Each structure stands twice: as C-alpha cells, then as structure tokens.
Amino acid sequence: MTISRRDFLKTTAAASALAALGRPGLAQASTGGTRWVKSVCRYCGTGCGLYVGVEGGKVTAVRGDVEDHNAGFLCVKGALLPQILGAKDRCLHPLVRRGDQLVRASWEEAMGLIASRFQDAIQKFGPDAVGFYGSGQALTEETYVANKLFKAGYRTNNMDGNPRLCMASATAGYVGTYGKDEPMGCYEDLDHADVFFITGSNTAECHPVLFRRIVRRKERGRDVKVIVLDPRRTPTSRIADLHISFTPGTDLAIFNAMAHVLFAEGLVDRDFLRDHVAFGEGTEVNRALADYERFLQAWTPAEAARIAGCGAEEIVTAARWFGARGRRATSLWTMGLNQRSRGTWANQLVHNLHLVTGKIGEPGSTPLSLTGQPNACGGVRDGGGLSHLLPYGRLVANPQHREQVEKLWSVPPGTLSPKPGPAAVDLFRSVEEGKLKCLYVMCTNPGQTLPNVDRYRKAMRREGAFLVVSDAFHPTRTSELADVVLPAALWAEKEGVYGCTERRYQLLAQAVEPAGEARPDFQILCDLARRTGQGKLIPFRSPDEAWEEILALCKGTAYDFTGMTRARLREAHGLLWPLPSPGHPGTKRRYVKGEDPLVPADHPRRLQFYGRPDGRAVVWLRPYQPPAEVVDAEYPLWFNTGRVLEHWHTGTMTRNCAELAQSRAEAVAEIHPGDAQRLGVAEGDLVEVTSRRGAQRFRATLVDGQRPGSVFTHMHDDQRLCNRVTVDAVDPISKEPEYKICAVKMAKVSSGKA
Amino acid sequence: MIVAGVVVETVEGAAARVAARLVEVPGVEIQGGDGLRRLAAVISAEDAAALDALGRKLVEGDEEILGVFPTYVGSDPEP
C-alpha cells in the first residue's frame, strides 16, 4: 500500500499530537522519505527539543521531541521554523558599502576589508579601538571563539552582547544573592509547585510551552494557586487565582510588604535563616536578621499599596499563599523584573521571599528566572561573553581568574586586560564618541533593539565608524547601517550547543547546507582570526575542537560539565550541569546536598551556597526606588514594551514566516478604553507616542486589560520602532536598560476611518 | 498546503464543548483527547494561516481555550 504525501503529513501530524497527549499508539506515521535530525528550537530560552525533517536537502518539517523536557510540545513559532530558512530576505552573499549602497562582494574581498580595518584601528589607536557585540542566539562555540579572539587576541574587553539587554539583572540577582549565576532549580519544579508566583512575565505568550506545564500542574495538583503580578492583564492572568495590577516600577514595595507579612504572620523559617542566610545592605554583607526585621517594619501592606496603587489585602493574600506551611512555591519572572533601572534589586527581593521561608532547593520550591534567548545562559552568561566576564564564572577584574584563563589559553601573563569593558549601551556610546572605531555585530540587531535607538543608529553611521554585521537576514535595521554585511548560516545549517534556562545544554546538529554563500559564524570568526594573525590562538577546524577546549575551561569550576562529551550530547535529550564526569547523570537542583556533586551527601546543612565564602545566601535590604523616569504633567502615561506569542525579538525570523506575518506583526499601541475616551482616540486611530527622546506612530487598540494610565506596544515591528521612545537609563549594577518603563504622551494623528 | 498537528488546551471540563466547536471549523480534524482538558487535532489548509487562525482567534475568542500548541508542522508543495 502506498500513501500520498498529504496522507503521510496528516498521519505524522496526528501521531505527534496524540503522542503529546501520551497516546502514541493511536496513530503511526510512515517514515516516508524524511530524514529526522535532532535539534533545538531557535527561539526563546525554553530550549524545546525537536527534530528537523529533511527531504531533498531542504528542511520540510519539524516535530517536537517527546523525550525532551517539552514532551513533544512546541509553540506556534517553533512549529513554523522550516519557513525561515528559505525566506526571501535571507542574506546569501557578502555585501560591502560603496557610498550609500551595499553591493555584492566576494568573501575574499569582504573578509580582507574587515581584517585590514580592524588591524589598522588596533595599530593606530590601540586594542580598545575595536569591539564585538554578540548574541544570546549564537551557538556556544561561536561566542567562545569571539570571546577568545577579542579578549586574548586583540586584548580588549570591548566584548558585550544582547544578553545585557535581557538577562543581566537576573545574573546580577543570582550572583549577588548566591555568589554564582544561573538558577538552582529546574523545569521539573513546575510539576511539584503548589504556588506559582509569576511576576514580570507574560509566560503564556513568551514561554508558552512552560505555561502549558504550569496549567497541567494546576489541573493535577491539590489547590494549586497562581499569583500573577503584572500591571497588565495578560493571557497569563487567565489561570491566575490572584492578579495584582500595580503602578509600573512599584513592585519593589510589594515584595518588601510580602516579606513584612511573612514575618508578621510567623510564616518564616527561622531555622533556615539561622543555617543558610546572611544579610546585606548596599554592597556589603554586614547586617543581621534583626536589622532586616527592623527594615521591614516600615513596609506594611498599606504603605506598599499606597505606593503601588493596588489593594493591601491583595498583598497580604499573596504573602499568605506564598508562605503557607507545607506548600511549595516557585517564582517565575523575566523582563518585567530584569529590564529595569532597579532590576537587580527586584530580582533580589524575589530571592528574599524564598530565603526567608526556606522555600528553595527542594522539588517545587525555587526562584526560576525565565530566559529570553535560546543561548543567553549557555553561550554568553556561562561562557563569559560579556565585557566584565571570563569563561565559567570568572571575572575580568580578578587577577587569579585572568591567570587561570591565560594558562588555559596558553597566552603570556598580562595578555588579558584587567579593566572591564563597556556594557552594551556604553559600548555604543563609545562608538558615538569615536573611541570605538570598528564594531563587529554578530547575530543580533541593535539598530532596532537598543533603547533610545535613534541616538545609537546615528552613532553606527557616524563618519569614521566601521560596522560589520553578520546575520542570516538582510536588510535588517542594523545591516542597513553596516559597512560590511556577512551572510551567516542559520539554525539547522550549522552545528553547536545551546544552553537554556535550566542549565540544560543541548546539541543542534547540522541538518542541511547553508543557503547561498552563507557560512557558520564559527567559520567566519576563525577566518577573521587567521587573517589578523591570531591563527595560533584560534586553531579550530570545527566546533567539536572548540568544544574540547571549552570542556577544559569549565573543569573544576562550579559550572563543571566535563562529562558532556560531544558524543553524549548527540545522544542525550538535554543535560543539566554540573555534570563533572562522563557517567554523571547531571544535576537537577544545585546547592542541594547529595544532589549537587559539589555538596557531598554528608554535608551538615541541607543547602550549601558554595558561591559565597560563608556558604550562605544573602537577603538584601533593598528599599523601593522609583524608575529612572516617572510620569508627570507633560508626559502623563507609562510606556511599556514586550513580546507577543507569534513574534520574536526584531521579527527578522517570525515576520519572514507567512502565517506569523499575518498575525500581530504590526506593533499597535494598546491603551485602556478609559484613556482612549479621555484622549479622543478610537480603535484603529493613528496615534503618536512621544517621550523625551523621540516619537513613533502606531495604530491604537483599546484593551480592557491594559492598566489605566499606561501604553503597551510590542518590540517586533521593524517599521514602528518602539525603541525610539524607550529610555536608555540602566541599572547601576547590571547595566541593563529600563525598557519596561518610561513616561510618554499620546496624541491622535488621524482617524482610523480615514 | 500546510498540515499541522496541534494540542488544544482547554479549561477543566471544557474539552468536549471545545471539540464540538472545533469540528465545525473547516480543515480541522479532531484526533482524540485525554478525556480531561486536551484535544489532539490536525489542521490542514491551502492557506497556512489556518494554524495562526486557531492559535490566535480561538485563544482570544474562546475563553475556554487556554492555548493551542503545535507538535508538528509539515508542508506539501501541492496546493
């Protein structure tokens, strides 16, 4: 019997859906002519495992990996991944600038030009005349090569990336509290939690596969409560038992008030505090429990409610649910906390809630920061691809760490600069000031994503600045500014490792050849190294060889994953570090005695926070401070930006997908009907949103769930740049910009009926 | 032509009602469910926007649907 291709597709589709329901036997697909290659989704930081279907040398299908954490589920973006590979604006050959035009060039010409410009700049102005801006979407091996090339080869720490824009505050929160970056918990905790505290995260749209897991837990658990803390009522709120809407930026007061209630109602774990916790204020760990209790006295629910514009009883209820004895609590957050001028503090105040209740380090109790990009954790945070970092928890400013890395990289002592380089926004300010002459941008789109973007778009086109952009697509809002555009291989066209939210590392195998003349970024960077005299430092012929060196860098650190050989990664459906030997199963929960390989089973305490010298996590005394910019008579509305389900980041991928391009690709200004009436704005009207930095026009849409006095728009539209409006103020600790909050005014431009 | 396997997640107790509504949608074939709140379905359409139509219009327009999760998407060059 033969089946048509249509029947085959239907059978496969049915089989995959039924398998996801745990009923795989009900429909079986023919294998057909499809070759299935194990991979990972290209989009958010959830890291869903999937298989890439290849026929005739082209990617024709994907299906979720039922053996991975996502149990076969994908979101709509992941399911439509095949379409991005053949998109009409794939960049297929190098381009170099001739006047106002970017014209086709050979690889030889493009790479020769880059090498000569970078070498000239270093020779004339010193190492800090060049820089690199990378991505949480690049493969680990790609970021590793760039990091080594710039920091050890060119001897500059002008090496930062877009994780600074999304995860830096989460990192600073973890490091400040536990001494080491990255969550201690895992996705499996979602299956055990009795209380979900979701704050600053629209999980339903931004991490839909994890949201599904929360929904499942709510269905199966006993009286599972979901608390959502968000100024907007989002799809995530649909499963909330308690949704607290508040004035943007005031959640710090709410977190402290929740801690106040926990103490006032005897819901704290004083044994845990005695054994596992220290207290700090400012930058010093120099306070005691009594100081913290005194600090909290002022943070009554009534006071927080006054500041936050929410109900005091809501805060009390949230605290009672969170702190209830015998109930396990998991916190989830993302950009609503991170993209703030007090993002580090906001993160730390959430950690405080877990530490004072002892709800940490056991199944279902964990503070779990959700990641925005597929390899921000593995490639950049862990791999040290930021201006103040060296690989695997080491710091540029630490002489011992520099010495370790110099030895491992076989470079002379003193090669690595001791001075941290500029963080993302400051990196582009260096371009603006003319200090940074040559910038290499890989796999990211700062011409659309930087806050106050027009300022930095001008800098990138500044006379004397030389901008290289390596991207799979052209034009983007950054490649249009470039002096050289390099066509990069995309996702299934190359091989490497991604590390997602829960310390899970996974290998993406190459499934097809790159489109046109595109090359993997790994190969491009190795070529640049050879052309600039760094071939000995960067001798790799393949990502496998770089991975061997990466294993040597992580060995003996708190990140140790030396058991993740390439062969094991190819077989496994994700591995969680620490994983220090080939036979080790990986670590679901860090710091837990007997589970984390760095904490022996006979350790006297349940948890050992070994990132800190005293083994204790820190509860920080952090008062409420307002955002960098607040509303006033001239700019009376709060402006907030974010994602929607169907699109991702700057839309270079999702807006290239026919189905997704039809859905919410245009950024609109979401306002409350009451505000609309006051402003004389109707559904579909063209409005102008103006801040102190710039203005952008959007169609208005009236949304009941929007908090009165505020405006939301998504970040994915390359023609309506929300970042013309956003503020480039940054968190003083993490240096992450405050995308989530600024003050604007809105005026109607024309009627939607016009 | 695009063919997708999806799981439709509903609020508790609503799976049967949602299934009844989905069978009225052209190009949607219900394949089964878990008996509680999830349905397995196959969507096929000449215009691949059908997948988005379910994901967006149903989630926004049907309070009993919590999400539509594709598990597979394949394309057929034939219209």
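Mentor: Contact, as the word is used here, means heavy atoms within 4.5 Å. This is a predicted model, in which local features need pLDDT of at least 70 and side-chain atom pairs count only at pLDDT 80 or more, while totals for chains, interfaces and linings use all residues. Residues are numbered from 1 along each chain as its sequence is written, chains are lettered from A, and side-chain values use heavy atoms, with hydrogens and water left out.

Trainee: Which residues of α10(A) meet which residues of α14(A)?

Mentor: From α10(A) come Ile254(A), Ala257(A), Met258(A), Val261(A) and Leu262(A), and they meet Ile315(A), Val316(A), Ala318(A), Ala319(A), Phe322(A) and Gly323(A) in α14(A). The residues of this contact divide into 10 nonpolar, 1 polar and no charged, where Ala, Val, Leu, Ile, Met, Phe, Trp, Tyr, Cys and Pro count as nonpolar, Asp, Glu, Lys and Arg as charged, and the others, Gly among them, as polar.

Trainee: Why is α10(A) called oblique to α14(A)?

Mentor: The axes of helix α10 (residues 251-264) of chain A and helix α14 (residues 312-323) of chain A come within 9 Å and cross at roughly 60 degrees. Angles under 35 degrees count as roughly parallel, over 145 as roughly antiparallel, 65 to 115 as roughly perpendicular and the rest as oblique, and therefore α10(A) is oblique to α14(A).

Trainee: What makes Val96(A) buried or exposed?

Mentor: Buried means under 20% relative accessible area, exposed over 50% and partly exposed in between, with a 1.4 Å probe and protein chains only. Val96(A) has a relative accessible area of 0%, so Val96(A) is buried.

Trainee: How do you know whether Ser39(A) counts as buried or exposed?

Mentor: Ser39(A), which is found in strand β1 (residues 35-40) of chain A, has 4% relative accessibility and therefore counts as buried. Leaving out residues up to four places away in sequence, Ser39(A) touches Gly49(A), Leu50(A), Val52(A), Trp491(A), Leu507(A) and Leu508(A).

Trainee: Which residues touch the most other members of the largest nonpolar core?

Mentor: A nonpolar core is a set of buried Ala, Val, Leu, Ile, Met, Phe, Trp, Tyr and Cys residues joined through side-chain atoms within 4.5 Å. Of the 66 residues in the largest one, Tyr178(A), Ile254(A), Met258(A), Tyr292(A), Leu355(A) and Phe609(A) touch the most other members. The largest share of this core, 10 residues, comes from α10(A).

Notes: Axes are lines fitted to C-alpha atoms, for helices over the stretch in contact, and angles run from 0 to 180 degrees between N-to-C directions. Helices (H or I, at least four residues) and strands (E, at least two) are DSSP runs, numbered from the N terminus.
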